[in-house]
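The sequence and model come first, and the notes after them are grouped by topic.

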Amino acid sequence: MTAPDGNPAAAPRQGRISAVGRFARLGFADASAAETGWRSVGLPDDAVLGLFAQAADPDLAVRSLVRVLEAAGPAAEELRTALTRSDGLARRLAMVLGASAALGDHLARHPEDWRELAAEDLDDTRPTAAAIAAELTAAGDPDRLRRSYRRLLLRLAARDLGGRLEVDDVAGELADLAAGALEGALRLAREDLGNAAASCRLGIVGLGKCGARELNYVSDVDVLFVAEPAPGAAEADALKAATALAAATMRICSGQTREGTLWPVDAGLRPEGDAGPLVRTLASHRAYYDRWAKTWEFQALLKARPIAGDMELATTFTDAVSPLVWSAADRAGFVADVQAMRRRVVDELPAGEAQRQLKLGPGGLRDVEFAVQLLQLVHGRADKALRVPHTLQALAALTAGGYVGRDDGTALGAAYRFLRTLEHRLQLRRLRRTHVVPSDDAALRALGRSLGFTSRPAQELVDAWQAQAREVRRLHEKLFYRPLLTAVAALPSEQARLSPEAARRRLEALGYADPAAALRHLEALTGGVSRRAAIQRALLPAMLGWFAEAPDPDAGLLGFRRLSEALGNSHGYLRMLRDEGASAQRLARLLATSRYAGDLLMRAPEATDLLARDEMLLPRDGAALAMEFEEVAGRHDDPVDAVTAVRALRRRELFRVAAGDLSGLLDVEQVGRALTGVATATVRAAFAAATAEVERQIGERLPSRLAVIGLGRLGGAELAYGSDADVLFVHEPVTGAGDQAAQDASTAVATELRRLLALPGPDPALSVDADLRPEGRQGPLVRSLSSYESYYRRWSHGWEAQALLRASPLAGDGELTGRFLRLADAVRYPAAGLAEADVAEIRRVKARVDAERLPRGADPATHVKLGRGGLADIEWTVQLLQLRFAHAVAALRTPQTLAALNAAREVGLVDEQQCTALAAAWRLASRVRNAVMLVRGRPADVLPTEPRERAAVAMLCGYRLGEAGRFGDDYLRTARHARAAVDAVFWSG
Amino acid sequence: MGKQEDFVLRVIEERDVRFVRLWFTDVIGSLKSVAIAPAELDGAFAEGIGFDGSAIEGFARVYEADMLAKPDPATFQILPWRGEGPATGRMFCDILMPDGSQSYVDPRNVLRRTLARAAERGFTFYTHPEIEFFLLESRPVGGEPPVPVDSSGYFDHTSQGQGHDFRREVITMLESMGISVEFSHHEGGPGQQEIDLRYADALTTADNIMTFRVVVKEVALSQGSYATFMPKPFTEYPGSGMHTHLSLFEGDRNAFFEAGSEYQLSKTGRAFIAGLLTHAAEITAVTNQFVNSYKRLAGGGEAPSYVCWGHNNRSALVRVPMYKPQKGNSTRVELRSIDSAANPYLAFAVMLAAGMRGIEEGYELPRGAEDDVWSLTEAERRALGIAPLPQNLYDAIAVMERSELVAETLGEHVFDYFLRNKRAEWDEYRRQVTEYERARMLPVI
């Protein structure tokens with residue numbers, strides 16, 4: 001006869017096999033061991049077994065029970081009897097032993113402590129803090145203190161696991177336990193110190209989770225010690241005694257004894273941290289907090305509470321410092337401090353654990369606590385109702401006051417409670433300070449069962465956890481930003497709303513410089529009942545957060561408003577932004593950082609669709625681009641139409657490169673190549689259109705073959721956003737054509753090409769600059785190949801050879817281009833290198849350029865192009881090496897600066913250190929120049945001086961908010977190192 | 001607004017303060033002062049007072065001219081020489097950029113940054129300067145030789161008592177401004193005084209030195225004499241140095257002290273000295289920043305010219321003073337090259353940085369010098385591995401120019417400005433024809 005599964009206890013004793021089977025069905029993982037264990041304890045297979053089977057980890061529970069009974073020896077019988085008689089005791093013991101191996105160890109060490117769980121009214125009795133303290137101060141030595149503490153913990157764990165307590169009640173009682181233990185430890189310390197102890201009063205203030213009565217089972221207990229001389233005692237003696245007492249108290253709690261340890265006591269939140277004295281007087285504390293304290297220290301004080309020792313003194317301390325907390329948000333640098341603190345929180349996360357971490361990381365417990373505290377600091381000055389230390393109570397107060405939306409507040413509260421409960425169960429197992437959820441099934445299963453998931457404990461736990469994590473993930477959006485919309489909402493609402501004044505304060509704390517304007521934009525974007533407003537209401541809370549992380553949040557919000565207006569009623573893009581988180585985030589960063597990219601986007605809002613995926617922001621292949629551009633141009637007969645179409649394509653490609661750059665997908669060399677590709681495609685398409693136009697005008701095929709050669713940064717594939725296209729035009733009359741006709745037609749094409757690309761229009765113009773041609777602006781725009789040949793043979797100047805170093809094919813006749821470049825080789829790579837006199841001449845010209853070209857009033861240290869260690873310095877240095885040695889070193893024959901520099905290093909023309917210094921400075925200066933263009937939307941060659949622009953440029957160069965000063969310093973250092981290399985390589989050598 | 005600010009505003013009301021001077025220091029070490037009315041203080045505390053940085057030596061250039069001077073309320077004091085009712089107050093300022101971040105051009109910030117780096121390793125830096133200066137009979141007129149107020153020597157109790165009264169009044173005033181004086185006496189040269197400030201953390205000491213210079217000048221003027229911190233005003237008398245005792249603390253423990261080791265000097269202390277010695281030449285342009293500074297270093301006596309250290313050796317660059325039993329916290333090292341005209345913020349910053357580099361890199365301390373290094377021959381010094389300090393400003397600039405340590409410590413902007421300023425000083429000096437040359441050559445050539 002077999003009992004129904006649901007009622008195992010009623011099953012009669014059967015054979016060995018089926019008994020094991022029954023244990024398996026009861027939920028034991030190792031049924032055979034469990035059965036053997038159970039038989040050894042000599043308890044009947046009745047209701048008691050049923051209770052053990054319900055424990056979080058039944059195998060563990062039985063194993064521990066075996067140990068406890070063995071340890072009890074002769075007294076075991078009493079426990080056995082009690083277990084069979086008292087359902088309550090059996091249930092509590094089973095739950096504790098099944099959830100905590102550490103408490104099992106304790107009971108195995110002190111079997112008689114099972115009586116702690118025997119009281120029938122235990123579940124309904126909540127000990128007062130005073131009762132706890134009384135029990136803990138009665139211990140006569142550190143060992144007994146630990147044992148008393150664990151006994152109390154045993155009772156608490158039983159009630160906690162029995163579901164009799166809310167998670168915050170557990171946390172509160174744990175804080176009482178900590179306070180009591182400190183009181184007990186202090187008493188022991190006083191006894192040890194003897195008479196000297198009488199000279200001081202010592203108060204212990206709890207900070208952090210202990211202060212807020214939201215402690216974990218195991219965590220550091222944060223404290224601060226305040227001391228005063230006892231009446232009649234000298235201050236120096238008193239402080240000495242108090243320091244000894246404080247140190248001893250900490251040691252008694254955290255030291256290892258036979259009974260293990262309680263928890264580490266951390267006094268690191270005191271003034272000056274670990275470098276400061278352990279104990280200070282009231283006056284010394286006050287002086288410190290008045291003068292020196294940092295924002296985070298006030299945040300720590302938010303949770304200060306007198307907990308042990310001289311409570312009157314500790315209370316005086318908290319009364320004195322708590323007003324300071326509420327003025328912290330008015331301190332200079334508050335916003336920057338807060339941002340820095342938040343970064344620290346995120347940075348601390350060890351890689352790899354992120355997925356299983358409860359505490360750290362975005363959306364972790366710490367993040368919730370931090371966000372709540374920040375809102376308290378911002379709004380608590382004006383609203384005293386928010387001045388509560390406890391996270392959940394503070395969240396409730398924020399919700400009640402309308403500072404956080406009601407649904408969001410409730411949901412976050414529930415998520416926080418769940419995560420805290422999970423954390424408690426996790427720590428209870430071994431009484432270790434851990435926040436990493438295990439990944440193996442058995443551990444997950446036990447954890448899930450301890451939380452009350454019974455059918456598929458591991459899976460249910462993971463599901464519930466992920467659901468809560470989803471709730472928390474967009475925490476900042478919910479806590480900080482969504483309520484801002486209620487401040488401008490015109491819709492009637494039952495809920496409390498953020499007042500405009502509070503909204504302004506919050507926007508300011510989040511980094512918006514002009515909160516009033518920001519509120520106006522919000523109002524315009526979210527007002528009304530249109531579809532667009534509805535989408536924007538959903539989108540904005542997150543966008544506001546992303547703007548705030550970028551250098552210019554105000555510009556971001558304004559830009560978004562402009563973009564939204566430009567998009568009008570085409571909701572598609574807005575919907576895409578709403579549904580694809582990544583593109584909205586990119587858009588926010590872009591608008592709040594780059595005027596250049598923002599302006600490109602305003603003219604063609606549909607380019608927003610590029611932001612959807614990383615791949616879309618990678619530069620397109622140059623050949624494919626050129627083909628597309630030429631095809632589009634070919635569809636128009638009118639050259640202006642053709643080039644207008646090409647320029648629209650170019651704008652889209654420029655936006656792609658800029659957005660990729662802003663998203664950190666491209667390094668400066670990739671940006672250079674990408675921009676060169678876009679310019680090349682544009683020139684080629686315009687060249688085709690101009691040729692067609694001239695042929696239409698003269699009514700025949702062009703009487704000349706024509707090629708466009710790229711020079712400068714274009715030739716070197718190192719184009720910047722603001723660069724002109726430096727070119728030369730070369731032609732050769734076709735057989736039978738007259739020289740003059742060929743010259744005229746070629747010049748017409750070149751002129752038309754330049755005109756078309758410079759026409760005013762909505763899309764950025766491309767300035768085609770031919771000033772590097774022979775005789776500069778005095779010379780003819782186009783020359784024939786033979787004319788170049790005779791010119792270079794007779795007249796060539798040093799600077800012309802230098803300019804030709806970067807000549808590369810750009811557009812037009814490929815064969816002619818090849819012959820031109822062979823001609824150029826003779827000039828730029830002179831067969832015998834340079835004569836001493838030529839070298840001296842180039843140096844002299846450079847010296848004159850240095851002296852004359854720098855604009856009046858410009859700072860030579862921060863001019864990225866012409867300044868010390870700037871682009872010109874580096875490029876001239878490399879080019880001089882090329883002119884002198886390229887005839888012998890083939891690798892030097894390249895139009896690219898860095899490639900030539902590397903070639904020079906390989907043959908020892910520059911040493912390793914010089915090469916590194918020059919390359920680093922060239923990259924940084926190029927990067928800065930691009931960043932300035934991106935940020936300002938106009939080119940400039942100096943480090944920006946306006947603070948927000950400087951911050952934005954610094955950020956694009958990889959620095960963080962608030963590091964603009966360090967960025968400036970690093971730029972100057974990099975340039976100085978480059979200058980030293982220039983001195984060694986260009987000016988001597 | 002915090003309590004400290006409230007306190008300042010209250011005192012201003014109570015003591016009838018009509019003007020508040022906001023003090024800060026330019027790159028060369030000159031004190032700058034902006035006077036504001038008490039009504040403007042609220043704004044100054046909240047946001048700082050805007051000013052045009054381009055008017056200040058070494059401030060403008062990198063970033064445009066707009067800067068903010070933000071008073072540090074903890075430094076508020078009434079200026080005792082301005083009298084009471086109505087009174088004048090002063091505060092030191094930090095220089096901020098318009099976005100509220102610390103400015104890289106502010107010498108006070110240079111020192112703060114360096115202190116913060118040491119603090120990351122758990123160290124606090126304390127200094128204790130012995131400031132020497134001359135009292136002259138009157139403000140010198142161009143070209144005429146200065147006349148000291150007396151003709152006494154080291155520790156003399158002067159009968160005229162002018163210097164004595166002078167020192168008493170200076171000390172009274174300093175203490176009324178919260179600056180403790182350790183010691184004061186008549187120094188070696190006629191009219192030369194020495195006043196030692198009590199040790200304090202380096203930032204406070206640097207502020208105190210700036211205040212000290214003003215107090216000394218004011219008291220001298222009030223007594224009809226003139227005080228100068230020029231490093232070497234007289235060819236025939238010793239110059240005015242500012243021997244500075246340095247120590248590092250870890251919490252309340254002196255990190256230089258180790259019971260039982262040689263001179264009770266810990267490994268940290270030895271590495272710190274090694275750092276000072278290794279980088280001595282590089283930091284000399286900062287500790288001895290004028291053409292005239294090198295005339296003092298060339299003069300022998302108490303001024304060091306050679307890079308070496310010794311226990312109680314008064315000719316060494318770095319001296320480890322006699323250890324006092326029971327006073328483990330008084331273990332310290334004394335740098336003797338620095339003179340009274342240095343910018344204390346920058347000088348303390350480079351001194352600390354040099355010592356810290358020694359600790360970070362674990363430099364080995366060479367053997368101490370036991371002899372009077374002045375009396376050794378060139379060859380003996382070479383044999384002992386004792387190098388000279390730079391002999392003039394030009395040499396000092398040339399060494400500093402190549403120093404990454406100094407560049408990193410000062411920050412690139414201050415580094416660059418300082419070098420440019422000093423090169424200009426040297427260029428101007430080179431063109432001078434001196435009394436010495438005329439006296440030697442005119443009669444014979």
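B:Q264 sits in the loop of chain B between β13 (253–254) and α6 (267–278). The model is a predicted one. In it, phi of B:Q264 is near 55°, a positive value in a residue other than glycine.

- Is B:Q264 buried or exposed? B:Q264 has 20 other C-beta atoms within 10 Å, and because 20 is enough to qualify, B:Q264 counts as buried.
- In chain A, A:E775 also has a positive phi, of about 65°, although A:E775 is not a glycine.
- A:E775 belongs to the loop that runs between β8 (768–769) and β9 (782–784) of chain A.
- A:E775 has 12 C-beta neighbours inside 10 Å and therefore counts as exposed.
- A:W263 is found in the loop between α12 (235–254) and β3 (265–266) of chain A.
- With 22 other C-beta atoms within 10 Å, A:W263 is buried.
- Which residues does A:W263 contact, leaving aside its neighbours within four places in sequence? They are A:V218, A:S219, A:D220, A:V221, A:C253 and A:S254.
- From A:W263 to A:K478 the C-alpha distance is 35 Å, and the two are 215 residues apart in sequence.

**Chain A as a whole**

- Chain A contains 43 helices and 10 strands.
- The radius of gyration of chain A is 38 Å, whereas the globule rule gives 30 Å for 989 residues; the value is well over the rule, so chain A is more spread out than a compact globule.
- Taken along the principal axes, a box of roughly 125 × 80 × 65 Å holds the C-alpha atoms of chain A.
- Buried residues make up 49% of the 989 residues of chain A.
- Of the contacts in chain A with a separation of 6 or more, 72% are between residues 24 or more positions apart.

**A helix pair in chain A**

- Helix α31 (residues 639–662) and helix α32 (residues 668–698) of chain A have axes that come within 10 Å and cross at roughly 175°.
- How are α31(A) and α32(A) oriented, roughly parallel or roughly antiparallel? An angle over 145 degrees counts as roughly antiparallel, and therefore α31(A) and α32(A) are roughly antiparallel to each other.
- On the side of α31(A), the contact residues include A:P639, A:V643, A:R650, A:L654 and A:D661.
- On the side of α32(A), among them are A:V671, A:L675, A:T682, A:A689 and A:E693.
- Sorted by class, the contact of α31(A) with α32(A) has 15 nonpolar, one polar and four charged residues.

**Chain B as a whole**

- Chain B has 14 helices and 18 strands.
- The radius of gyration of chain B, 22 Å, is close to the 22 Å that the globule rule gives for 445 residues, so chain B is as compact as a globular protein of that length.
- The C-alpha trace of chain B spans about 65 × 55 × 45 Å along its principal axes.
- Of the 445 residues in chain B, 47% count as buried.
- In chain B, 70% of the contacts between residues at least 6 apart in sequence join residues at least 24 apart.

**The domains of chain B**

- Chain B divides into domain 1 (3–104) and domain 2 (113–438).
- The C-alpha centres of these two domains of chain B are 28 Å apart.
- In chain B, 14 residues of domain 1 contact 18 residues of domain 2.
- The side of domain 1 of chain B that touches domain 2 of chain B has nine nonpolar residues, five polar residues and no charged residues.

**Where the chains meet**

- The contact takes 21 residues from chain A and 25 residues from chain B.
- Three helices of chain A, α13 (282–291), α42 (947–956) and α43 (964–987), each supply at least two residues of the side that touches chain B.
- Which element gives the largest share of the side of chain A that touches chain B? That element is α43(A), with seven residues.
- By class, the side of chain A that touches chain B has eight nonpolar, seven polar and six charged residues.

Conventions
Residues are numbered from 1 along each chain as its sequence is written. Chains are lettered from A and ligands numbered from 1 in the order in which they are written. This is a predicted model: local features need pLDDT of at least 70, side-chain atom pairs count only at pLDDT 80 or more; totals for chains, interfaces and linings use all residues. Domain bounds come from an automatic or database domain assignment. Two residues are in contact if their C-beta atoms, placed from the backbone, lie within 7 Å. Ala, Val, Leu, Ile, Met, Phe, Trp, Tyr, Cys and Pro count as nonpolar, Asp, Glu, Lys and Arg as charged, and the others, Gly among them, as polar. Helices (H or I, at least four residues) and strands (E, at least two) are DSSP runs, numbered from the N terminus. The radius of gyration is taken over C-alpha atoms; the globule rule is 2.2 Å times the number of residues to the power 0.38. Axes are lines fitted to C-alpha atoms, for helices over the stretch in contact, and angles run from 0 to 180 degrees between N-to-C directions. Angles under 35 degrees count as roughly parallel, over 145 as roughly antiparallel, 65 to 115 as roughly perpendicular and the rest as oblique.
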